[in-house]
Amino acid sequence: MKENARKRSSPSELGFIHQFIPASNRPDQITLLLLHGTGGNEQDLIPLGRELYPRAAILSPRGKVLESGMPRFFRRLAEGVFDIEDLKFRTHELADFVEKASKAYGFDLRYVVSIGYSNGANIASSLLLIRPEIISSAVLFRAMVPFMPEKVPNLTGKNIFIGAGQYDPIVPREQSETLFSFLEKAGANVVLHFQKNSGHELGYDEISAAKDWLSNLPKNSP
Ligand code: MLT
């Protein structure tokens, strides 16, 4: 069966417009949760997901908040200034969607690896803070500290790759370092990778670094 024939799109019954692509012949049962950046959609990160972890299942939702017509995963008041109440609400909504999708499509919730970029990486970080059971590993490209939770979550056993841009005008170096320290303090195995000569856009080296990192995760872990 051709891959295209196996793709399923569902507009709404699970609560999000999304794309699900089943795994093709993988002995492990990884599902990539792809979370796009501002102005993106459920198609955007599929090539990146394919590159990072070939043949894994893919669950790729479209953010439900519109900012001047551009999909996002939660509201912001200005660039880098988040509507925290909306962020928390949307984080739970997304986590509930992933749980429902795991039942509908039959993938194992214990092996969900989130790949997020920018706004998508920020809601992935928020999932780690308040619904950590949803993600076992994460690649966070250009993530910020979404908020400081009252309670430090227990992230023991979770593996997290943070991909930061050396000259990112949106995510200053201290943000990436604070996120790294916080996740590490919460017990996660965290790698912080700075992409040389890069801003908010992704570079080839970090994609290859993230791919190597993913392929070296313990097999029972992601
Ligand atoms: C955000 O709003 O999540 C960040 O400012 C990144 C962005 O989407 O531009």
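Helices (H or I, at least four residues) and strands (E, at least two) are DSSP runs, numbered from the N terminus. The model shown is predicted: local features need pLDDT of at least 70, side-chain atom pairs count only at pLDDT 80 or more, and totals for chains, interfaces and linings use all residues. Residues are numbered from 1 along each chain as its sequence is written, and side-chain values use heavy atoms, with hydrogens and water left out.

**View 1. Residues around the ligand.** The ligand is surrounded by Thr-38, Arg-72, Phe-74, Arg-76, Gly-80, Phe-82, Ser-118, Asn-119 and Asn-122 (a residue is near a molecule if one of its heavy atoms lies within 4 Å of it). This shell divides into two nonpolar, five polar and two charged residues. In this division Ala, Val, Leu, Ile, Met, Phe, Trp, Tyr, Cys and Pro count as nonpolar, Asp, Glu, Lys and Arg as charged, and the others, Gly among them, as polar.

View 2. An N or O atom in the side chain of Arg-72 is 2.8 Å from an oxygen atom of the ligand. For Asn-119, the distance from a polar side-chain atom to a ligand oxygen atom is 3.0 Å, and for Ser-118 it is 3.5 Å. Taken alone the ligand exposes 260 Å², and the protein buries 96% of that. Accessible areas come from the Shrake-Rupley method with a 1.4 Å probe; for residues, only the protein chains shown count as cover.

View 3. Ser-118 is placed in the loop between strand 9 (112-117) and helix 4. Its phi is near 55°, a positive value in a residue other than glycine. Ser-118 counts as buried, at 12% relative accessibility (buried means under 20% relative accessible area, exposed over 50%, partly exposed in between, with a 1.4 Å probe and protein chains only). Asn-197, which is not a glycine either, has a positive phi of about 55°. Asn-197 lies in the loop between strand 12 (189-195) and helix 6 (204-215) and counts as exposed at 62% relative accessibility.

**View 4. Salt bridge between Glu-99 and Arg-131.** A search of the whole structure finds 15 salt bridges (a side-chain nitrogen of Lys or Arg within 4 Å of a carboxyl oxygen of Asp or Glu). In one of them the side chains of Glu-99 and Arg-131 meet, at 3.4 Å from N to O. Glu-99 lies in helix 3 (residues 84-105) and Arg-131 in the loop between helix 4 (119-130) and strand 10 (137-141), so the pair ties together parts that are 32 residues apart in sequence. Glu-99 is partly exposed at 25% relative accessibility, whereas Arg-131 is buried at 11%.

View 5. The closest N and O atoms of Arg-110 and Asp-108 are 2.7 Å apart in their salt bridge. Arg-110 is exposed, with 57% relative accessibility, and Asp-108 is buried, with 17%. Arg-142 forms a salt bridge with Asp-168, where the closest N and O atoms are 3.9 Å apart. Arg-142 sits in the loop between strand 10 and strand 11 (159-165) and Asp-168 in the loop between strand 11 and helix 5 (173-185), so this pair ties together parts that are 26 residues apart in sequence. Both Arg-142 and Asp-168 are buried.

**View 6. Network around Asp-86.** Salt bridges that share partners join Lys-64, Asp-86, Arg-90 and Glu-93 into one network. Asp-86 lies in helix 3 and is buried at 11% relative accessibility. Not counting residues up to four places away in sequence, Asp-86 touches Val-65, Phe-74 and Arg-75 (contact means heavy atoms within 4.5 Å).

**View 7. Surroundings of Glu-206.** Glu-206 lies in helix 6 and is buried, at 0% relative accessibility. A polar atom of its side chain lies 2.7 Å from the backbone nitrogen of Gly-203. Leaving aside neighbours within four places in sequence, Glu-206 is in contact with residues including Phe-141, Arg-142, Phe-161, His-193 and Gln-195.

Definitions and conventions:
Polar contact = N/O pair within 3.5 Å; in protein donor to acceptor, adjacent residues only side chain to side chain.
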